[in-house]
Amino acid sequence: MAAALRKGRYIGALPPVHGLAWDSRRRRARGLSVTYARTSPNRFPRPTRPKILLNRLPSLVSTLPGRRRVLSTRRRPMRALARAASLLRRAVDCKPQLGAVGRDAPLVSKILPNVYFNWYSTHLAPANEALIPPELLSSKSVWTPDRELGQYEDLVARVTNFHNEDKGFMVLDGDVFDVPIRKDIVHRVVRWQLAKRQQGTHSTKTISEVSGTGRKPYKQKGTGRARHGTLRGCQFRGGATMHGPKPRSHAFELQKKVRRLGLKIALSARTAEGKLCIFEDLEVPSHKTKNIVQYIKQMDDTKKVLLVDGGDIDKKLKLATQNLHYVNVIPSIGLNVYSILQHDTIVMTRDAINRIVERMHTPISR
């Protein structure tokens with residue numbers, strides 16, 4: 001905490017950084033917001049507010065001298081938070097007078113040591129002020145990368161295999177594995193993929209397709225009932241469906257450069273998280289599933305793995321992974337943004353990376 005405060009980072013004000021993934025309920029991309037980690041330490045971004053216990057403020061401020069009006073933490077919580085912070089700081093500055101409030105009144109200095117507030121900001125306190133007490137801060141950690149991401153810098157990665165043997169190093173091209181993270185591009189590409197794979201076989205029957213007689217149900221006048229010319233209308237049971245869906249394609253056009261950029265962003269996100277593993281090959285000794293299970297258990301913090309090979313999938317590897325729902329194998333030609341977001345760890349071979357880079361560097365045919 002102290003190290004983060006010295007660096008001017010937020011503690012408890014920023015959301016945790018998760019892996020880039022697709023939120024199927026909200027239908028948008030989520031995670032890996034590196035822009036939050038670079039926020040200025042003098043002001044909170046609008047979507048995030050300091051998570052301070054507002055329900056403790058009335059009890060704390062009620063013990064302070066000179067309180068003129070009651071704080072309303074219900075209607076305007078942030079204004080009440082700022083005013084309570086100023087009252088608490090004023091009370092802490094006059095410690096000798098604080099004990100004379102009442103015999104049973106608790107000392108604010110014991111409950112809330114010297115706190116430094118600057119409107120909505122919580123930052124590094126001056127030398128004469130104490131640091132922010134840990135009970136008012138969130139326990140979520142803030143991810144601060146060692147280097148600045150999205151600079152198109154070439155990366156050097158270690159190459160291993162399933163037995164964790166050292167197989168040398170490999171250089172990852174910066175224009176493919178170190179591009180700026182843009183969730184809006186990922187959102188557009190995933191929406192395009194899901195719409196394109198939708199079958200669109202829904203169909204309803206019109207009035208000419210519904211089975212039934214074509215005669216007039218009763219005469220036009222004299223019955224007192226509404227006039228009808230057929231019993232196959234949409235208002236009758238077993239009748240037609242008006243303006244219903246018909247078989248069609250849900251696909252829409254998306255520029256090739258946007259699709260290519262989405263794949264680069266997904267690969268860069270997994271690389272920045274340290275979830276991209278490079279193997280020399282994907283050879284397994286046998287087709288037994290227990291071997292793959294043992295290999296996956298050796299990986300740290302891995303729930304779902306995507307194995308990407310350069311060419312055709314080995315028959316032994318396909319048999320060993322077909323019964324595991326958390327391990328999928330695809331060739332490099334089938335690598336896509338949605339599959340990357342659905343898996344938290346990507347394992348690629350040297351051949352697969354070379355083919356992906358070659359595909360990204362191929363000029364777009366217009």
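Contact means heavy atoms within 4.5 Å. Helices (H or I, at least four residues) and strands (E, at least two) are DSSP runs, numbered from the N terminus.

## Basis of the model

This is a predicted model, in which local features need pLDDT of at least 70, side-chain atom pairs count only at pLDDT 80 or more, and totals for chains, interfaces and linings use all residues. Residues are numbered from 1 along each chain as its sequence is written, and side-chain values use heavy atoms, with hydrogens and water left out.

## Helix α13

Helix α13 covers residues 350-361, which is 12 residues. From its first C-alpha to its last it reaches 17 Å, close to the expected 16 Å; the expected span is 1.5 Å times one less than the number of residues.

Five names make up the buried set of α13: Ala-352, Ile-353, Ile-356, Val-357 and Met-360. Buried means under 20% relative accessible area, exposed over 50%, and partly exposed in between (1.4 Å probe, protein chains only). Seen down the axis of α13, these buried residues fall within an arc of 130°, so they line one face of the helix. The arc is that of the directions from the helix axis to the C-beta atoms. An α-helix has 3.6 residues a turn, so residues three or four places apart point the same way.

The buried residues of α13 pack against the strands β4 (169-172), β5 (276-279), β6 (305-309) and β8 (345-349), and against the helices α7 (174-177) and α9 (256-273).

## Strand β5 and its partners

Two strands pair if DSSP finds at least two bridges between them. Strand β3 (residues 155-160) runs parallel to β5 and is joined to it by 2 bridges. With β8, β5 pairs in the parallel sense over 4 bridges.

Ile-278 of β5 is the bridge partner of Val-159. In β8, the bridge partner of Ile-278 is Met-348.

## Leu-263 in helix α9

Leu-263 is found in helix α9 and counts as buried because its relative accessibility is 5%. Leaving aside neighbours within four places in sequence, Leu-263 is in contact with Leu-335, Asn-336, Val-337, Ile-340, Arg-359 and Met-360. Asn-336 is 73 residues from Leu-263 along the chain, yet their C-alpha atoms are separated by 6.4 Å.

## Helix α10

In helix α10 (residues 289-298), the residues Asn-291, Ile-292, Tyr-295 and Ile-296 are buried. They cover an arc of only 130° around the axis, which puts them on the same side of α10. The face turned away from this buried side carries the exposed residues Lys-290 and Lys-297. The buried residues of α10 pack against β6, α11 (315-321) and β7 (327-331).
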